[in-house]
Amino acid sequence: MARTIVVDHVGGPDVMKLVDMDPGKPGPGEVLLRQTAIGVNFADVHYRRGTAPPHAMAKLPMPFTPGLEAAGVVEEIGLGVTGFKRGDRVGYATATLTIGAYTDMRVFPADRLFKIPDGVSDIAVAAVMYRGVTVHGMIRSCYKVKPGDNVLLHAAAGGVGSIVARWAKHTGATVIGTVSSEAKVDYARAQGCAHVIVTSREDFVKRAKELTNGIGVDVVFDGVGADTFLKSFDCIRRYGMMVSFGQAAGMMDPVDPVLLQHNGLYLTKFSGSTYNEVTEDYQFRAREVLEAIAQGVLGQGNCAVYELENVAQAHRDFEDRSSTGSLVIRL
Ligand SMILES: NC(=O)c1ccc[n+]([C@@H]2O[C@H](COP(=O)([O-])OP(=O)(O)OC[C@H]3O[C@@H](n4cnc5c(N)ncnc54)[C@H](OP(=O)(O)O)[C@@H]3O)[C@@H](O)[C@H]2O)c1
């Protein structure tokens, strides 16, 4: 039997119940995984409380098991699976397509798995991979960050924020991060932010303009949404870009296109589900993220660790904004 978290109605963290379930047998193209580490993402909070975008909520089965990524070991191989064998260390970091990671055993499609190289820990995979393939899509495909860019990054001490900061700095950009409290400043700096703005005591628009000599930043990466989205347009330079990729604080207000015309700005809403839908693209991004972990660019998963039975606490830590870096369940 598999120890599995099940949600049968949306609500607070306590709607997540731990039950024993039969994980089933792998069908054609599938493997049975024994999981060792599971990533906890803000998206899991959105699905659990019903605040994911309506089109995503509409596709969610009910009851469901949350979770988008994990590391583990192959236990059984289904018909036609090549490239994997029993005992291989593997991971996955796919979006809603394969939701259901909060469990210790599960059946999973082999084509969305990757092998974990020696030197990369299971915890690092759970801490970095889903956010990593997201960030790869954002900074390599959606807006190609280049040396010399000024980047404004909201929630810079968060899980995605830490990875954007590390990777953009490594690429040669200057990262200006925002955080909500003084307590997160050192962490954001350690991830690669050249400047950190504390939003509880500073006006981030004014400060970002000052830090760029009045010109504005080349790009904003915004995963906060309601509180930061509209204001952020005022700190973007002429022909610069706004990449909205999340709404931790709530949905964004609609944008009048006229807002974009004065500085010729570009706006996009990034989704990893879109950028990683094609398996080859996803596998390419996963390889590059694993390489960046192995080379030390992204760290080895600086994260808070929880037990499966205590995952509600991880969700509370997200919702009260006390977490920094990634959150991981160790099995
Ligand atoms: N588009 C995609 O494909 C994709 C993929 C992965 C993640 N995401 C999104 O990226 C964002 C970051 O994800 P993550 O898992 O790494 O989470 P995270 O950044 O570790 O946590 C969310 C952060 O958002 C900030 N925040 C601002 N207002 C908040 C509020 N009202 N409630 C809670 N947090 C608030 C907090 O930082 P401060 O307190 O410092 O402001 C908090 O630490 C989320 O919006 C997530 O949905 C999108």
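1. Strands here are DSSP runs of E, at least two residues long, numbered from the N terminus. On that basis, E69 sits in strand 4, which covers residues 69-77. Keep in mind that this is a predicted model.

2. What does the side chain of E69 have a polar contact with? The partner is the side chain of N41, at 3.0 Å. Beyond four places in sequence, the contacts of E69 include I38, G39, Y92, A93 and A101, and also V125, A126, M129, Y130 and R131.

3. Now the ligand. There are 26 residues around it, and the ones that come nearest are G159, V160, S180, G223 and G272. Two of these names come up again with ligand oxygens: a polar backbone atom of V160 is 2.7 Å from an oxygen atom of the ligand, and a polar side-chain atom of S180 lies 2.5 Å from an oxygen atom of the ligand.

4. On the nitrogen side, F270 uses its backbone: an N or O atom there lies 3.2 Å from a nitrogen atom of the ligand. Overall, the protein covers 92% of the 900 Å² of accessible area that the ligand has on its own.

5. As for who builds the shell, helix 1 (42-49), helix 3 (122-142) and helix 4 (159-171) each give two or more residues. Helix 3 has the largest share, with three residues.

Conventions: Residues numbered from 1 in each chain as written. Predicted model: local features only at pLDDT ≥ 70, side-chain atom pairs only at ≥ 80, totals over all residues. Heavy atoms only, no water. Helix = DSSP H or I, 4+ residues; strand = E, 2+ residues; numbered from the N terminus. Polar contact = N/O pair within 3.5 Å; in protein donor to acceptor, adjacent residues only side chain to side chain. Contact = heavy atoms within 4.5 Å. Near = heavy atom within 4 Å. Areas by Shrake-Rupley, 256 points an atom, 1.4 Å probe, with all protein chains shown as cover.
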